[in-house]
Amino acid sequence: MRRWSVLLLALLLSAALAACSKSSADTFAGAVLHTPYHAPSTQLTDTDGRPYSLASSTDKRLTLVFFGYTHCPDECPTTMATLASAMLQLDDADRSNVQVVFVTTDPARDTGPVIRRWLDHFDPHFVGVTGPLPTIRTVAEGVGVPIAKGRRLPSGGYDVTHGTQVLGLDGKNQVPVVWTLGTTAPEFAHDIHQLLS
């Protein structure tokens, strides 16, 4: 039993060191786009019922945007937890210049209050956005994120197929960088600091 404990501790320590060394290096985990996407001015609605647009409502130097849904069993909660952890790893100056926005891909189930309660589990400062599904699709496709209603589940519900990238929206309403699924919190924190420097 003691051998397994020592082995597990060694594995965890090596993984932590690998993450730290990778995040502190000059590498950049995100993918820099040769042709940035432009944030559309299409109006959606935030969880307080106010109009929200990726082009005009994002006032931070960097906005991280993720399209997903609250009933998602895997990628969505994992991504939001990773972003919440990354925000905790930033210093105060960087944190004050970053906003995280979650846009639902399942507005039929994700009402404003549902999104707000879900996001509060990760970070109460995260912004939640909804709207009619065709409008959300238009916004998502404008920044390279596909959305489609998925298969029926045995429970009677359904899942939603959507792109899992996190978009980095800058102060010029452009998306010059994206991060793929599997990007770690230290990698996000490192890249955010680089982008804001």
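# Questions about bridges, rings and the core

Student: Why is the pairing of Arg-50 with Asp-46 called a salt bridge?

Tutor: The closest N and O atoms of Arg-50 and Asp-46 are 3.1 Å apart. A salt bridge needs a side-chain nitrogen of Lys or Arg within 4 Å of a carboxyl oxygen of Asp or Glu, so this pair qualifies. This is a predicted model, in which local features need pLDDT of at least 70 and side-chain atom pairs count only at pLDDT 80 or more, while totals for chains, interfaces and linings use all residues. Residues are numbered from 1 along each chain as its sequence is written, and side-chain values use heavy atoms, with hydrogens and water left out.

Student: What makes Asp-46 count as buried?

Tutor: Its relative accessibility is 9%. Buried means under 20% relative accessible area, exposed means over 50%, and partly exposed lies in between (1.4 Å probe, protein chains only), so Asp-46 falls in the buried class. Asp-46 sits in strand 2 (residues 44-46). Helices (H or I, at least four residues) and strands (E, at least two) are DSSP runs, numbered from the N terminus.

Student: Which residues does Asp-46 touch, leaving aside its neighbours within four places in sequence?

Tutor: Tyr-52, Gly-128 and Val-129 are in contact with Asp-46, where contact means heavy atoms within 4.5 Å.

Student: How many salt bridges does a search of the whole structure find?

Tutor: The search finds five. One of them joins Arg-109 to Asp-106, with the closest N and O atoms 2.5 Å apart. Asp-106 is buried at 3% relative accessibility, whereas Arg-109, at 22%, is partly exposed.

Student: How do you know that Arg-116 and Asp-120 also meet in a salt bridge?

Tutor: Their N to O distance is 3.0 Å, which is inside the limit for the term. Both residues lie in helix 4 (residues 112-120), four residues apart, about one turn of the helix. Salt bridges that share partners also join Asp-46, Asp-48 and Arg-50 into one network.

Student: How many aromatic pairs are there?

Tutor: A search of the whole structure finds three. In one of them, the ring centres of Phe-102 and Trp-118 are 4.9 Å apart and the planes stand at 50 degrees.

Student: Why is that pair of Phe-102 and Trp-118 called tilted?

Tutor: Rings of Phe, Tyr and Trp (its six-membered ring) pair if their centres lie within 6.5 Å; planes under 30 degrees apart count as stacked, over 60 as edge-to-face and the rest as tilted. The planes of Phe-102 and Trp-118 are at 50 degrees, so this pair is tilted. The pair links distant parts of the chain, with Phe-102 in strand 5 (residues 98-104) and Trp-118 in helix 4, 16 residues apart. Phe-102 and Trp-118 are both buried. Trp-179 and Phe-188 form another tilted pair, with ring centres 5.3 Å apart and planes at 50 degrees. Trp-179 is buried at 0% relative accessible area, and Phe-188 is buried at 2%.

Student: What makes the span of helix 6 (residues 185-196) close to the expected one?

Tutor: Helix 6 has twelve residues and reaches 16 Å from its first C-alpha to its last. The expected span is 1.5 Å times one less than the number of residues, and for helix 6 that expectation is 16 Å. Among the buried residues of helix 6 are Phe-188, Ile-192 and Leu-196.

Student: Which residues have the most contacts inside the largest nonpolar core?

Tutor: They are Leu-54, Leu-64, Phe-67 and Met-80, in a core of 49 residues. Its largest share, six residues, comes from helix 2 (residues 75-88). A nonpolar core is a set of buried Ala, Val, Leu, Ile, Met, Phe, Trp, Tyr and Cys residues joined through side-chain atoms within 4.5 Å. Beyond its neighbours within four places in sequence, Leu-64 is in contact with residues including Leu-83, Val-100, Trp-179 and Ile-192.
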